[in-house]
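I opened the notebook to record what I looked up, one item at a time.

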Amino acid sequence: MSTRTMQAHPSGEHEAAAAVAHGQSGMPMALVGMLLFIASEVMFFGGLFATYFNARAGFAGTWGPPEGGHIDLPLAAVLTAILVASSFTMQFGVWAIRRGDTGKLKLWTGITLGLGVLFLAGQLYDYTELGFGLSDGVFSTVFYTLTGFHGAHVFGGAIGLTVVLARALRGQFSRRNHVAVEAVSMYWHFVDVVWIALFLIIYFLQ
Amino acid sequence: MTDMAAGFALLGIGMLVVLGVVFVIASRGGPVRDTPKPPRGVHMPGPSYLPVVMSLGAALIGAGFAFRVDDQLANPFLAIPGLLVFVAGAVAWVRAANHEWREVEHGAHDDGPAH
């Protein structure tokens, strides 16, 4: 792919236009990009939640797991606590690098990644204990679709955290230069909020 | 261990492998990386067929989930080629973006003000 450069502003306006184009006049473009991405993800999960409520509203009979299956509320509560805790540890890492404390950034990012992996492991374990599969009825399909897509997003966040941790260990972040940390933390908080909504809807709105 | 548990265990191991590979790749590079400043002006990415290639791959994966035998998670004759096309498209896209970034950062361009 090639890059085309266009310069169309008179010299007086050029500096300001270039600054805006390069995100030097406010929020870094990487964060704007992440915000736009999260906005698209909100629409995506909005569609999934709409699917859940539509399927539930049109379902004749008792809504819930099929016969012989169950959903594990205590385990889900523990997983929720793990993910919420990981949001706090992520934010501690962000605050640390804002102060220029790279050591604490490494520590908190490592803990956050560990909690994320623990959440994923717990979710996979939960799947093996449910007693129903993806195609065992409407509830089952919707359950696996919602939690599965969320799990995939947690995995995506874990990849981002891995990149942040690796770069932090290489000393690539500083008080002034840590946009990637901020962007990954925004995404991680979003994934956390989506899980809280999922947890409440699936496990409490029985 | 049931087949389902073995499948989820395999998925978990696969995730850890991916995270390990990502860690190794991200660990390369110098200790301090200043945020590179792009040259002045507005930069547009060139045209690319790679988004279409990735979409075709994703469509094949979806078809694999739709047209499957009952006891299969997906039709391997559709899903596996789809996955390969999707991953190849993603890798090519990232490589192209990196190449483009280096071109913008280091390549010859006119930094002077427009008149």
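Entry 1. In which helix is A:Thr112 found? I looked it up in the model, which is a predicted one. A:Thr112 belongs to helix α4 of chain A.

Entry 2. Which residues are in contact with A:Thr112, leaving aside its neighbours within four places in sequence? I noted A:Ser86, A:Thr89, A:Met90, A:Gly93 and A:Leu161. I also checked A:Thr112 against A:Val42. The two are 70 residues apart in sequence, and their C-alpha atoms are 23 Å apart in space.

Entry 3. I turned to the largest nonpolar core and noted that it has 39 residues. The residues with the most contacts inside this core are A:Leu105, A:Ala158, A:Val184, A:Tyr187 and A:Val191. Which elements give two or more residues to the core? From chain A I listed α2 (29-57), α3 (73-98), α4 (102-129), α5 (138-169) and α6 (179-204), and from chain B α1 (3-26). The largest share comes from α5(A), with 11 residues.

Entry 4. I picked A:Ala158 from that list of core residues and looked up its contacts. Leaving aside neighbours within four places in sequence, A:Ala158 is in contact with A:Leu113, A:Gly116, A:Val117, A:Leu120 and B:Leu19.

Entry 5. Next I looked at a pair of helices from the two chains. I describe two packed helices by the angle between their axes and the distance between the axes. For α4(A) and α1(B) I wrote down an angle of about 165° and axes 9 Å apart. An angle over 145 degrees counts as roughly antiparallel, and therefore α4(A) and α1(B) are roughly antiparallel to each other. The crossing of α4(A) past α1(B) is right-handed.

Entry 6. Which residues of α4(A) and α1(B) meet? On the α4(A) side I listed A:Leu120, A:Ala121, A:Leu124, A:Tyr127 and A:Thr128. On the α1(B) side I listed B:Met4, B:Ala5, B:Phe8, B:Leu11, B:Gly12 and B:Met15. I sorted this contact by class and got nine nonpolar, two polar and no charged residues.

Entry 7. Last, I looked at chain B by itself. Chain B has three helices and one strand, in the order α-β-α-α along the sequence. Of its 115 residues, 10% are buried. Among contacts in chain B with a separation of 6 or more, 60% are between residues 24 or more positions apart.

Terms used:
Residues are numbered from 1 along each chain as its sequence is written. Chains are lettered from A and ligands numbered from 1 in the order in which they are written. This is a predicted model: local features need pLDDT of at least 70, side-chain atom pairs count only at pLDDT 80 or more; totals for chains, interfaces and linings use all residues. Helices (H or I, at least four residues) and strands (E, at least two) are DSSP runs, numbered from the N terminus. A residue is buried if 20 or more other C-beta atoms lie within 10 Å of its own, exposed if 12 or fewer, and partly exposed in between; C-beta atoms are placed from the backbone. Two residues are in contact if their C-beta atoms, placed from the backbone, lie within 7 Å. A nonpolar core is a set of buried Ala, Val, Leu, Ile, Met, Phe, Trp, Tyr and Cys residues joined through C-beta atoms within 7 Å. Axes are lines fitted to C-alpha atoms, for helices over the stretch in contact, and angles run from 0 to 180 degrees between N-to-C directions. Angles under 35 degrees count as roughly parallel, over 145 as roughly antiparallel, 65 to 115 as roughly perpendicular and the rest as oblique. A crossing is left-handed if the near helix is turned anticlockwise from the far one by less than a right angle, and right-handed if clockwise. Ala, Val, Leu, Ile, Met, Phe, Trp, Tyr, Cys and Pro count as nonpolar, Asp, Glu, Lys and Arg as charged, and the others, Gly among them, as polar.
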